[in-house]
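Please find below a colleague's note, arranged as numbered points.

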Amino acid sequence: MTLWLLIALPFLAGTALLVSGHRADRLAPWAGIATAAVTAVLAIVAAVSAPEVSMPFLAGLRIGLGVDGLSAVMVVTVAVVLVAVLVFAAGEFGAAESRARFHGLMLVFAGAMLVTVTARDLIVLLMAWEVVGACSYALIGFWWREERRAGSGVVAFLTTRAGDLGLYLAAGAALAGGVGGLTLAGLPAAAGGWRDAVAAGLVLAALGKSAQLPFSFWLSRAMDGPSPVSALLHSATMVAAGAYLLLRVEPLLAVTGWAATATAWIGVLTALVLGAIAVAQRDLKQVLAASTCSQIGFMVLAAGTGGVAAGTGQLVAHAATKSLLFLGAGAWLVALDTKDLARLKGAARRFPVLGSVFTVGALTLAGIPPLSIWVTKDAVLASALAGSPALYVVGLAAALLSGAYVGRVLAVLWLPAEPDAVRPLNAWLLGPLPVLALAATVLGIVGLPGPARWFATLLGAAEVPETSWLELVVSGALAIAGALAAASWTRAEKLAAPGLFAGWLGLERLTRLVVVTPTVRLADGLARFDDRVVDGGVRAAAATAGALARLTDLRVEWSIEGAVRAVARAARSLGRQAPRPQTGQLHHYYAQAAVGLGVLVLLLIVL
Amino acid sequence: MLSVVVFLPLLAAVVLFAVPRVPDRFVRWWWVSVSAVEFALVIALWAGYPGGDGYAYEVNLRWIPSVSSGYHLGVDGLSLPLVALTAGLFLACAVYSLRQDKRVRSFAALFLFLETVSLGLFVALDLILFFVFFDLSIVGMYFVIAGWGHRDAARAAVKFFLYTFVGSLALLVGFIALYLAASPHTFDIVELTRQMPLAGGGWAAGLVLLALGLGFAIKTPTVPFHTWLPPAHTEAPAAGSAILAGVLLKMGTYGFVRIMMPILPDAWRRYAVVVVVVGVVSVLYGALVALAQRDFKRMIAYTSVNHMGYIILAVGAAGLVADTAAEARQLAVTGAVTQMVSHGLVTAALFLLAGVLYDRGGTYDMSRYGGLAASAPRFAGLTAVAAFASLGLPGFSGFIAEFQIFTGSLGATPVATVLAFLGILVTAALFLRAFQRIFLGPSRSPEPAADLTVAEGVSIAPLLVLAVVIGVFPRFLLDLIEPASRAVLDLMAR
């Protein structure tokens, strides 16, 4: 019951707000925050009571939802971040904005996200997964009057939809492989070749949704959405859903050897490459977006190397941290009307409270001791080391880059300020931030030996490889080194932006060139083919029939006509000949009678 | 009871002409009332449906005894959803046409006639009866397109008529062949299903399958027999397009499941691969050509080819018996029937919305519009819902259908199904692009478009609400379809 309520409440409230339209604009922020608060309470209750529900759906395939350890963590994360983000949004959106549409979409998204993280089988997971993508489309294109923003929503939706085809593949393969009820827990038991298809499909879908390489470009475009959207969807929840899925089906990845290796390597390479991209960005939100891909790369790495507890810890810590940072960026966007790093110089000095809280979050993100991501990232690196030393080394390099991009941003923000026009920040905007900062800081406790074991038991994960103090020191030192180096280079203005990394490796242009343009050209070609050849065949058939008809009319009809006319002509000429014997001369009549009688006699003799 | 349901609209049409001088307002409301009563009757039929095997509400009277053709009507889990769909769509068109002002009496009478004919086809259990209704539907739709269509309507109507009529002649050849092959000779579908004439019959069975397949493939339509559809849709009036797409196209796919699969099971199994290929080609070709369209209505017409392709893929995959579990095959066929219902609802809604667009802007050309959501938010919202429903987003009936089709077919024919996945990606691209071009971005037209009127909203919204209900609580529909699809599969496995 709790679970149904937990899911139905945001869905129904959100749908009600969407259907009401502009009439509900004044009520929307209150309704949104209230619903989110109740949802958070329900989430905590559900996390503690671990309910399970199921419902008949298709033939022989029920849909099941349940809250186990991993889902409990996710459900609470989603609900808490939702509250924070909606409070912020109440402060950001003024009376002129479509607040009902915004809060409605955010609530529907939250409902779908909650279903995603409590899904027990592939059907309901796929359904919620796609709805999450659709809400993302609508929210990224929220300011739809601007062509580019609407287009960004389309790019995001189509890219994630392409990945979602993997889930359809996984569902069909799971059925063919004999997985009863298509349950996620039953996937490792699928038959041989089908199991590989299932794993491939799930990995594809997860990589697409989590903006891992090569799909990362959609997250860059997603930054065209409002900041609360970036904070909720594109840092804490939706993009983390891919990582969540991989963590959930980690047993399947482990059993299908190649899937785990591929996942781990794609994750760590994303972490590295996107870290480098983050260093090269000029726009604060773009830095945060690239950083999100990079941090999720660590979670994907954890899933690939069997570190479920580590990955989950990283997910939660990152959710708190990144949503804090996006909201902070959003606050500066409201106050200074810019996200450009060059124009944000000294912004932290002009808004000290915001600046300090943001700095706490940024330092956490870098993995600076003793904050949460330092601990969780190290747990991930430990499980990577257990997998293969190469992964560990690349992971360390990525950690170094995390420090670098954070150092660069902080250096810019704390430079001496230039006085400029500012808009004051209201309490709504600033309120949620310290709470998130506290969470970001404190969640590192999960890494300590005692709580770590409890956490692993909660998640039903295997024994966590003990993180040695040496590894912790190494990763912490690397992060600090990276941050300091980048900060000093930035202050000395030596950090030029290499073009390729600044443009996200040109991935979007590449996709357009390799996928989009050929498809559109093929479509145009087929349309012309359809009009000229296929329809042309039909027109030719019709024309042939017409020509045949005319031919019949001219030749055949004419010849039959001719035959009929010839008969008539013969009859007419016979008729003209008929009165010839009527000469009026008696001897002619006698002769005719004699001939006639003679013929009759002959006939009588013959017959 | 079934006869009443089938012939009530025709009676109402006759009444319209019997009364000498009627004001247009009376005609419109008469039409709406009769359609509403009809819909209520069909709901009563559904509520009273006994379930289980066999046909309900059967009527079997002597009609043409010299060719053993009887007036045989009956519904089962396959035809009842389609009957309900038909009644619902005609009601929606009646409400939508409250704004129709061109020769309203003939328009209403023609639609009532079409309703009788469509209902009659779905409940017919005799091949001659089926054929009569099939051809009459072509006649009715011809007049709708020719009489109330747009500029090039005459040509499009003739093309539609001749092309689908040739298809129905192919059907007639097949029906007569079945009659002659059966012993004792009969046109009754139930009897023919029991007899299975031409069982193991080699080339004769193949030829009959070809004839029937040709006839139904033209009506569905599948590639390459689809070129009558785009001009017919583009030139037809909005309500006409809605019925053409929502009801008439289903006659083709219904024929596959009702006539071809049960009566010629081993020929079907032998040539199932061909069916699968035709299905996949229709899916991809329809989606890609739709992507290239600049005309909104033509684009939706090609997406119909795409959606019908999924149905063909599913029934073909169900015929590939090798190594497929019964569960998967049942999912495929259930998905196919669900897609018939879902496509009817959603595409009819899309065509009615296209009619609204034409009414506001005078053209279907998408590049002439822009930023319509500013002045017509409800119109934009409803179109967004319809577009997402059509591209198969979960929460709508289209997903239920397509998911079942994909999941059921993957085991039997993995390559074809994986190719068919691309269909939902391309469809997503084309709908989002169309929506963005027409409704989002800066405004491109000089005057703001008016939002939906009450009649338009009341006619379109319930169709989409129903699509959502089926998408979230599909059991009420699937409880009806699943036993019937099991029965069809059992018949096909003989």
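Is A:Ser230 buried or exposed?

1. The model under discussion is a predicted one. In it, A:Ser230 has a relative accessible area of 0% and is therefore buried, since buried means under 20%. This serine belongs to helix α9 of chain A, which covers residues 227-236. Apart from its neighbours within four places in sequence, A:Ser230 is in contact with A:Ala222, A:Met223, A:Gly225, A:Ser235, A:Lys285 and A:Phe326.

2. Helix packing in chain A deserves attention. Two packed helices are described by the angle between their axes and the distance between the axes. For α1(A), residues 2-20, and α2(A), the axes come within 9 Å and cross at roughly 170 degrees. Angles over 145 degrees count as roughly antiparallel, so α1(A) and α2(A) are roughly antiparallel to each other. Residues of α1(A) in this contact include A:Leu5, A:Leu9 and A:Ala13, and among those of α2(A) are A:Val38, A:Leu42 and A:Val45.

3. Helix α2(A), residues 28-49, also packs with α4(A), residues 99-118; their axes come within 8 Å and cross at roughly 15 degrees. Because angles under 35 degrees count as roughly parallel, α2(A) and α4(A) are described as roughly parallel to each other. Their crossing is left-handed. The contact is formed by A:Ala28, A:Pro29, A:Gly32, A:Thr35 and A:Thr39 on α2(A), together with A:Arg99, A:Ala100, A:His103, A:Leu107 and A:Leu114 on α4(A).

4. A further pair consists of α7(A), residues 192-209, and α10(A), residues 238-248, whose axes lie 7 Å apart at an angle of about 155 degrees. These two helices are therefore roughly antiparallel, and their crossing is left-handed. A:Leu202, A:Val203, A:Ala206 and A:Lys209 of α7(A) meet residues of α10(A), including A:Met238, A:Gly242 and A:Leu245.

5. With 0% relative accessibility, A:Ala211 counts as buried. A:Pro214 is found in the loop between α7 and α8 of chain A as well, and the peptide bond from A:Leu213 to A:Pro214 is cis, with omega near -5 degrees.

6. In chain B, the peptide bond from B:Ser183 to B:Pro184 is cis, with omega near 5 degrees; B:Pro184 sits in the loop between α6 and α7 of that chain. A:Leu505 is not a glycine, yet it has a positive phi of about 60 degrees. A:Leu505 counts as partly exposed, at 27% relative accessibility.

7. Turning to chain B, B:Ile259 is located in helix α10, residues 238-263, and counts as buried at 0% relative accessibility.

8. Helix α17 of chain B has 26 residues and reaches 38 Å from its first C-alpha to its last, close to the 38 Å expected at 1.5 Å a residue. Just after this helix, B:Gly441 takes a positive phi of about 75 degrees.

9. A last point concerns cysteines. The structure holds 0 disulfides over all chains. A:Cys135 counts as buried at 5% relative accessibility, and B:Cys93 is buried with a relative accessible area of 2%.

Notes: Residues numbered from 1 in each chain as written. Chains lettered and ligands numbered in written order. Predicted model: local features only at pLDDT ≥ 70, side-chain atom pairs only at ≥ 80, totals over all residues. Heavy atoms only, no water. Helix = DSSP H or I, 4+ residues; strand = E, 2+ residues; numbered from the N terminus. Expected span 1.5 Å × (residues − 1). Disulfide = S-S within 2.5 Å. Buried < 20%, exposed > 50% of the residue type's maximum accessible area, 1.4 Å probe, protein only. Axes fitted to C-alpha atoms, helices over the stretch in contact; angles between N-to-C directions. Parallel < 35°, antiparallel > 145°, perpendicular 65-115°, else oblique. Left-handed = near helix turned anticlockwise from the far one by under 90°. Contact = heavy atoms within 4.5 Å.
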